[in-house]
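Q: I'd like a close look at one part of this protein. Could you walk me through the charged pairs there?

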Amino acid sequence: MAHPLISVTRALSMALVVALVPRVGLAQEEAQASLLEPDLALGSSDVPQKTSEVSLMPATPDVPVGKPTPHSLGLTPLRPPFEVLPAVASVIPGLLFHGMGPLVAGDTRTAGRLFALEGTGLGLLLVSGVPIALTGASRRVIGPLYAVALAGASTFSISALANIYSAVSPAFTPGVAASSLPPLELDFGYQHVSDPNFDYRHFLALGATARLSSVRLEGAVRMDPSEGNTRVRLGGAYRLLGEPESARGGADGTALDVEAGMIYHRFPTEGFVAGSGEVGLRGRYAMARLSPRLEGSFAEVGAGVTFQSYHFFGPIAEDALHQQLLFTFGYGVYLGRGGPLRGEALLYYDHRKDDYAGGLKMGAGVPGHFGLRGRVLLSERWGVSADMQVGSAYVARLSAVYALGGEL
């Protein structure tokens, strides 16, 4: 149990730092914010003091109460122009030296922070990789060291993607976190699995998500009508930090959740049933807090542990109990700028290997799988969601989303 505790402690510490670090603003935002402060230059008793505009601003549904932001005031922050050279530099040599994109663009502050993230990631990989190599990946130490290695890989990968995003983001208007998401969403669609080890291929995909203030409940079913292969997942989350999804207001989406879930997976053709229970932490960080150039994007990291049980059919049943480290990280962007169009897209890595995608058959320790998922509400009621995964198998899903309740 040492390795999940380390992962959970690290995730919680990072989230607390995120909550305490003030958001980095644009120069124009700072200038606008200064206009909202009391005018201290008018110090004479016979000259009325200029009061804060916050106290005079009526609390309307369109303007969140608290410190105004450019978006809540209906203002659009100035953005740097798009340049081809920084975009090219973010890839070559930016994939090796994270921060080259903003550095070529003249943004040394953002470049320095991305270089620092890259260095932190490389340091964690070095600290964990050397003991793993020296001990021959001993089972006594591989758990916590592997968790540190995954933390390093996540930091390194996020800095690399942030470097590219910072260089290309001036070419488009960034999205914003939705001010609210529906209390209830239902989705139904089709999932295709291409796995050389199993005969199942075509699945009916059903899901539901309920949001109750700080609580989120989820359920998902994947069923192959021909083979009978069925996977059911029930889970939930409680928001520890950040505004709830159903009432973000003008918040940027930064949050920390504690999650738990149960999975039942039946393989009738192969003759066994798998079940598991899991718990962990998942955090999301709005990258605009790191740099204005990263506005509209976010990083996501989750860590936890799952306990799995396998029951084999037959005259003499055989049971097995296993433990698996859960770790996921990704870089995403928000879609839409208010109104009915709300959504997000996320490029991610998931270390779990008991899903349909399984794990990549490469390297030591059998890594997990990579994926790209997106979800967007196109109107007040209807939307679409999709997911593609690459591991030992290829998985693709496309679903329609129907929202119930709530107002825009």
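Which side chain does Arg 216 meet in a salt bridge with Asp 257, and what is the N to O distance between the two?

A: A word on the basis before the details. This is a predicted model, so local features need pLDDT of at least 70 and side-chain atom pairs count only at pLDDT 80 or more, while totals for chains, interfaces and linings use all residues. Residues are numbered from 1 along each chain as its sequence is written, and side-chain values use heavy atoms, with hydrogens and water left out.Now to the pair: the side chains of Arg 216 and Asp 257 meet in a salt bridge at 3.5 Å, N to O. The term stands for a side-chain nitrogen of Lys or Arg within 4 Å of a carboxyl oxygen of Asp or Glu. Arg 216 sits in strand β3 (residues 215-223) and Asp 257 in strand β5 (residues 255-267), so the bridge ties together parts that are 41 residues apart in sequence. Strands here are DSSP runs of E, at least two residues long, and helices are runs of H or I, at least four, both numbered from the N terminus.

Arg 216 and Asp 257 are both buried, and for Arg 216 the relative accessibility is 13%. Buried means under 20% relative accessible area, exposed means over 50%, and partly exposed is in between, using a 1.4 Å probe and protein chains only.

Arg 216 has another partner too: Glu 218 forms a salt bridge with Arg 216, with the closest N and O atoms 3.0 Å apart. Glu 218, at 31% relative accessibility, counts as partly exposed.

Zoom out a bit and these residues belong to a network of salt bridges, whose members include Arg 216, Glu 218, Asp 257, Arg 239, Glu 259 and Arg 282. Also in that network are Arg 284, Glu 300, Glu 344 and Arg 373. For the chain, the count comes to 19 salt bridges.

Another one worth a look pairs Glu 185 with Arg 211, where the closest N and O atoms are 3.1 Å apart. Glu 185 lies in strand β1 (residues 184-194) and Arg 211 in strand β2, so this pair links parts that are 26 residues apart in sequence. Glu 185 is buried, with a relative accessible area of 6%, and Arg 211 is buried as well, at 9%.

Of its 408 residues, 42% count as buried.
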